[in-house]
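Hi,

Here is the structure I said I would pass on.

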Amino acid sequence: MIRDAFHDTDFTVPTVNIQPEGDVTLVNLPTFFEVQFPESGFGPDEVDRPDPARLLGHRIEVRPRLKSVTYHLGERTIGPTQDLGGPYPDGSVVQTYTQPGTHQVRVDIVYTGQFRVGGSGWIDIPGEVDLQGTPVALTVREAKSRLYTN
């Protein structure tokens with residue numbers, strides 16, 4: 001029943017934040033990626049309290065734990081990793097695109113889980129939950145410079 005309660009948790013599905021902002025980047029410009037967890041649903045280490053009626057009247061707490069994320073960046077895949085990336089200039093998940101075009105980028109997540117009863121210590125729940133993130137269309141453009149005389 002606890003495993004079912006864990007799998008029925010309303011997990012938050014992460015989104016990917018891209019810098020430069022606006023989902024547009026340039027050829028040969030480092031592009032930074034960062035996992036973001038929306039407010040809706042339960043993300044890593046947020047505690048869910050399933051309906052006791054489903055658990056023979058027992059009040060338990062369930063919390064998802066981050067096992068890994070995988071970045072799908074169009075030209076390459078990074079992960080699985082626990083690296084949540086970050087913004088410019090210190091973000092650790094960076095891709096430099098070499099050709100103009102449009103790429104569907106997303107971040108997928110794998111959760112494990114833990115539960116506890118009555119404030120006891122956390123106990124691992126067997127299994128894991130794999131969720132696919134929502135794709136974002138990233139446009140890679142090429143900038144051309146020109147010299148003009150007056």
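The protein chain has an accessible surface of about 8800 Å², and carbon and sulfur atoms hold 48% of that. Keep in mind that this is a predicted model. On burial, 37% of the 150 residues in the protein chain count as buried.

**Overall shape**

The order along the sequence is α-β-β-β-β-β-β-β-β-β. Its radius of gyration is 20 Å, whereas the globule rule gives 15 Å for 150 residues, so the protein chain is more spread out than a compact globule. The C-alpha trace spans about 80 × 25 × 25 Å along its principal axes. Turning to contacts with a separation of 6 or more, 66% of them in the protein chain are between residues 24 or more positions apart.

**Strand pairing**

Which strands pair with strand 3? One is strand 1 (residues 15–19), which runs antiparallel to strand 3 (residues 30–36) over five bridges. In that pairing, Asn17 sits opposite Glu34 of strand 3. Another is strand 6 (residues 94–96), also antiparallel to strand 3, with three bridges. Here Pro30 stands opposite Thr96 in strand 6. If you go through the side chains by eye, remember that in a regular strand they alternate between the two faces of the sheet.

Cheers

Methods
Residues are numbered from 1 along each chain as its sequence is written. This is a predicted model: local features need pLDDT of at least 70, side-chain atom pairs count only at pLDDT 80 or more; totals for chains, interfaces and linings use all residues. Side-chain values use heavy atoms; hydrogens and water are left out. Helices (H or I, at least four residues) and strands (E, at least two) are DSSP runs, numbered from the N terminus. The radius of gyration is taken over C-alpha atoms; the globule rule is 2.2 Å times the number of residues to the power 0.38. Buried means under 20% relative accessible area, exposed over 50%, partly exposed in between (1.4 Å probe, protein chains only). Contact means heavy atoms within 4.5 Å. Accessible areas come from the Shrake-Rupley method with a 1.4 Å probe; for residues, only the protein chains shown count as cover. Two strands pair if DSSP finds at least two bridges between them.
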